[in-house]
Amino acid sequence: VAGPLLRLHGFQLASMEETNDGTTGERRASAVSTTSSTSNMVTLTATRDKAERLHRQSLLLDTVAKRVESTLQRGVTRMESSTTRLSRVLE
C-alpha cells in the first residue's frame, strides 16, 4: 500500500530487483543513482504540479468566498429592510 501512495505523490521507488539482483556493485550503484536522479525529477515535477493545483484551488476558493460574501450581504440588506418595515408597523 505504501508504494502506490508514494508513487502517487511523485516519489520513485527502487524495486527489489534493481538493488538485489546479484549484479556487480558498480552496476547496482549506477541503477540506484539513476533512480535517485529520476526520483528527484519526478518529485520536482510533482511539487510543481501540486503548486499549480493549489493555486487553482486558491482562485476557486477566492471566487466562492466572494459569492458567499455577496449572498450574505444581500441577506443582511433584506433583514434590515424587513426590520425597518416591522418597526414602522409596530409604531
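Where in the chain is confidence lowest, and where is it highest? Confidence is lowest in helix H2 (residues 16–19), at a mean of 48, and highest in H3, at 82.

## Model and confidence

This is a predicted model: local features need pLDDT of at least 70, side-chain atom pairs count only at pLDDT 80 or more, and totals for chains, interfaces and linings use all residues. Residues are numbered from 1 along each chain as its sequence is written, and side-chain values use heavy atoms, with hydrogens and water left out.

The pLDDT is the predictor's confidence in each residue, from 0 to 100. Its mean over the chain is 76. A share of 63% of the residues reach 70 or more. Over residues 24–34 the pLDDT is below 50. Beyond near neighbours in sequence, that stretch has four contacts in the model (contact means heavy atoms within 4.5 Å).

## Overall fold

The chain has three helices and zero strands. Both are DSSP runs, numbered from the N terminus: helices are H or I with at least four residues, strands are E with at least two. Along the sequence the pattern reads α-α-α.

How much of the chain is buried? Buried residues make up 7% of the 91 residues. Buried means under 20% relative accessible area, exposed means over 50%, and partly exposed lies in between (1.4 Å probe, protein chains only). The chain exposes about 7,800 Å². Carbon and sulfur atoms supply 61% of that area. Accessible areas come from the Shrake-Rupley method with a 1.4 Å probe; for residues, only the protein chains shown count as cover.

A salt bridge is a side-chain nitrogen of Lys or Arg within 4 Å of a carboxyl oxygen of Asp or Glu. The count comes to two. Arginine 48 pairs with glutamate 52, at 3.9 Å from N to O. These two are separated by about one helical turn, because they sit four residues apart in helix H3. Arginine 48 is partly exposed, at 48% relative accessibility. Glutamate 52 is partly exposed too, at 39%.

Lysine 66 pairs with aspartate 62, with their closest N and O atoms 3.7 Å apart. Both lie in helix H3, four residues apart, about one turn. Lysine 66 counts as exposed because its relative accessibility is 54%. Aspartate 62, at 39%, is partly exposed.

## A nonpolar patch

Which residues form a nonpolar patch on the surface? They are Leu60, Val64, Val68 and Leu72, with about 350 Å² of accessible area together. Patches are made of residues with over 30% relative accessible area and no salt bridge; like charges are joined within 9 Å, nonpolar side chains (Val, Leu, Ile, Met, Phe, Trp, Tyr) within 5 Å. Valine 64 lies in helix H3 (residues 25–90). At 33% relative accessibility, valine 64 is partly exposed.
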